[in-house]
Amino acid sequence: MSWNKPLPQPTPISAPFWIGLKAHQVRLQRCEDCGQWIFFPRAHCPECASPKLVWRDVSGEGELYTYTIARIPTLPEFTDEMPQILAVVQFDQGPHINTTLIGVQESDLRIGMRVRPVFDDRPGEVTLLRYTSIESQHSAVIAAEQQSSSQSTAELVSQVSRRKISCKDITAMTSLVSEAFSEWSNEYLVTQEIIDEFAALSGDDYWIHTDPAKAREQSPFGTTIAHGMLVHALISRLKMPMDFEIIDFNNMVNYGSDRLRFSAPVPSGCRIHARYRVKAVESVRSGVQMTMEINVHVVGQDRPSVINDQVILYM
Amino acid sequence: MGLKGQAALVGAAQYKPEKYTTAPRMFHLQQVAELAGLALADAGMTLHDIDGLAIVGAQFHEAGVFVPAMVGEYLGVALNYAEVVDLGGASSVAMVWRAAAAIELGLCNTVLCVIPARMAPMGANDDHAAEVMKTSRYGGHSIRFGAPEAEMDLPYGHMAQNTGYAMIAQRYAAVYGYDARALARIAVAQRFNACHNPEAIFYGQPITVDDVLNSRLVAEPLRMLEIVMPVAGGAAVIVTRADRAREGRHRPVHIIGCGEHVQSKSPTYARDMLATPIGPASRKAFSMAGLRPADMHMAQIYDCYTITAMLTLEDAGFCEKGQGMRFLKDHDLTFKGDFPMNTHGGQLSFGQTGSAGGMTQVIEAIHQIQGRAGERQLPRHDLAYVSGTGGVMSEQGALILRGA
């Protein structure tokens, strides 16, 4: 899968920094005249204006200067990293760097904590410098090939014992109605390949879904996004934990949807999951009608990408 | 040294803030002409009184370069002073003092300071519109080759204002402590003020501290109701010579102090992200005016976030560093209170009209000093402190205004 996020374009001035990261080595510039350590890379010392700067290998370690946890992606391309821990690290040499923290529990975050580099090789052409707690077990390198395997679908869904509820028992049926949502389903990776297959199948091959290069340049989302109808269809792949089972019917019909909203994009390469609640139960002439509100989210995102009030008719 | 108070604000006009989806689309040239006409009428002046222009050029629709010449030509006025100001949300304050300085130097008599902030109509094959869309999604971050932020920030998702201000707030919490209820008081008091301002976008929608604390968490520790909503708008003010100002329709508002400080593009690279540029800017403004923060009758403080306003209170000297939370709890910030702040509702509740947002604070100070603030009129209304903030605490400016 191609890296669909903004990438650095090394310049003649900054190239040694990126070449260093590629070799899993952090390098900083140091002023030969005043001894100042410098980040970001420059052609002069911002302390004394000297042009005599040299690149030095450093450990890359430092302290967490500050951080925030982005609950809404700063750009749609980062949706798959939600919630994302954006951080400023202060190198032991003094300068600050923008990065993200990985392999750290939110509850363990402390400003001033010791952090160490994690070299992220996934983008391919460059290596990004992320950080983790010095105590974390996280490996010091994220290999390029790790990406797809680490995001493969976890099909494990907690199998709770299911209550059997007769569709003819309207009181029991009505008791299922709830404001609270269920636990999450398994996660499913929405790849560009799936989006392309859906485009071929449905005939909706609009470039905003199928042309990553053009989407990067011209789409407001900066990357290709899944068709709303594809995400809707993928609900079948998301096994939501249900603690009940409806019985005693002769026929069960998917009667369609009372409401179908595509309320947020699903960028290519994101994992999705879903949860549901029983929104309404009512007796109708032919039987009992149950409305399930199913919300599909990109993993880590508060706002649902698809809201579907699915109506099921038990006859 | 410094301004001598020989220039005054005499007229102001602004579009009522509106959601982008419903606001009319107008060419920026057209907006400039309309806003200039309204502000001049307010001042009791005519187009041909104008011989100076300060304008925000960064997002100007009809031109990327030579903006003042195009605008002067379109208006039909010749200019003895012409300038594009590129200081983001600090531009409003910056334009006003530049206008005053140009007038005191004798370069010109009357300056139009104007910021069009409604969207422009889209043309067929509009490359500019596509370019604006492409750059605007990066929220003021440059994506050009060689820009440090394009290379070092964007690949990690460090982008736009929310997370930058959130990281400042988190750092503040670690160094000085944090009281979310105290900060929420800013949003609540300003909403109260906005509920007495029919022009405000959130007029008629009061909120409580609990509403703020229960609003959606956007980026720790910032919540939705502590963050401005960008809306369409636009504003203009007229600055003229003090002797001409006396002949105007309203009480002249003299510019007696100003200061400006530009620190860094990203707070990450500031030596100390909690020492905000409004400190040096405000010290300069107060010393120029020969006044102290306690002398002010009102504070119209740039409030893109509650944390921005709180840090300004501290660094401008309204309270000591680290005492901001206590200050917020000890004072009533409404127009009825002992520390009237953002009496129009602030940008949090009046609406952040894009790059014209800072002008809402300048205009409220003018209206208060002129005694034209209606229901919100302050009993003491001679001296105002006004601040402007651009980027993520990148650049800030301060004005001290005094009624004649």
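1. **Strand β7 of chain B and its partners.** Strand β1 of chain B, residues 7-14, pairs with β7(B) in the antiparallel sense over 7 bridges. Strands here are DSSP runs of E of at least two residues, and helices are runs of H or I of at least four, numbered from the N terminus. Two strands count as paired if DSSP finds at least two bridges between them. The bridge partner of Gln14(B) in β7(B) is Ala235(B). Strand β4 of chain B, residues 110-117, also runs antiparallel to β7(B), joined by 8 bridges. There, Pro116(B) has Gly234(B) as its bridge partner. Buried means under 20% relative accessible area, exposed over 50%, and partly exposed in between, with a 1.4 Å probe and protein chains only.

2. **Basis of the values.** This is a predicted model: local features need pLDDT of at least 70, side-chain atom pairs count only at pLDDT 80 or more, and totals for chains, interfaces and linings use all residues. Residues are numbered from 1 along each chain as its sequence is written, chains are lettered from A and ligands numbered from 1 in the order in which they are written, and side-chain values use heavy atoms, leaving out hydrogens and water.

3. **Cores.** The largest nonpolar core has 53 residues. Such a core is a set of buried Ala, Val, Leu, Ile, Met, Phe, Trp, Tyr and Cys residues joined through side-chain atoms within 4.5 Å. Residues with the most contacts inside it include Tyr165(B), Ile307(B) and Phe318(B). Elements of chain B that each supply at least two residues include α6 (162-176), α11 (306-315) and β11 (395-403). The largest share, 6 residues, comes from α6(B). Apart from this core lies another, of 43 residues, among them Ala7(B), Val237(B), Leu378(B) and Leu401(B).

4. **Ile307(B).** Which residues does Ile307(B) contact, leaving aside neighbours within four places in sequence? They are Tyr165(B), Ala169(B), Leu183(B) and Leu222(B). Contact means heavy atoms within 4.5 Å.

5. **Three-strand sheet, chain A.** This open sheet has the order β2-β1-β3, with antiparallel pairing. Its edge strands are β2 (37-38) and β3 (53-58), each pairing on one side only. Strand β1(A), residues 26-31, meets β2(A) over 2 bridges. Helix α1(A), residues 15-22, lies across β1 and β3 of chain A, at about 150 degrees to β1(A). Axes are lines fitted to C-alpha atoms, for helices over the stretch in contact; angles run from 0 to 180 degrees between N-to-C directions.

6. **Five-strand sheet, chain A.** The order is β11-β14-β15-β16-β13, open, with antiparallel pairing. The edges are β11 (188-190) and β13 (252-262). Twist averages 30 degrees from one strand to the next. Strands β14 (270-284) and β15 (287-298) share 12 bridges. Tyr276(A) has Ile294(A) as its bridge partner in β15(A).

7. **Interface.** 47 residues of chain A are in contact with 35 residues of chain B. The chains bury about 3,600 Å² between them, 57% of it on carbon and sulfur atoms. Buried area is the accessible area (1.4 Å probe) that two parts lose on being put together, summed over both. Phe40(A), Tyr65(A) and Asn98(A) supply 18% of the area that chain A buries against chain B, more than any other three residues.

8. **Cysteines.** There are 0 disulfides over all chains. A disulfide needs a pair of cysteine sulfur atoms within 2.5 Å. Cys48(A) is partly exposed, at 36% relative accessibility.
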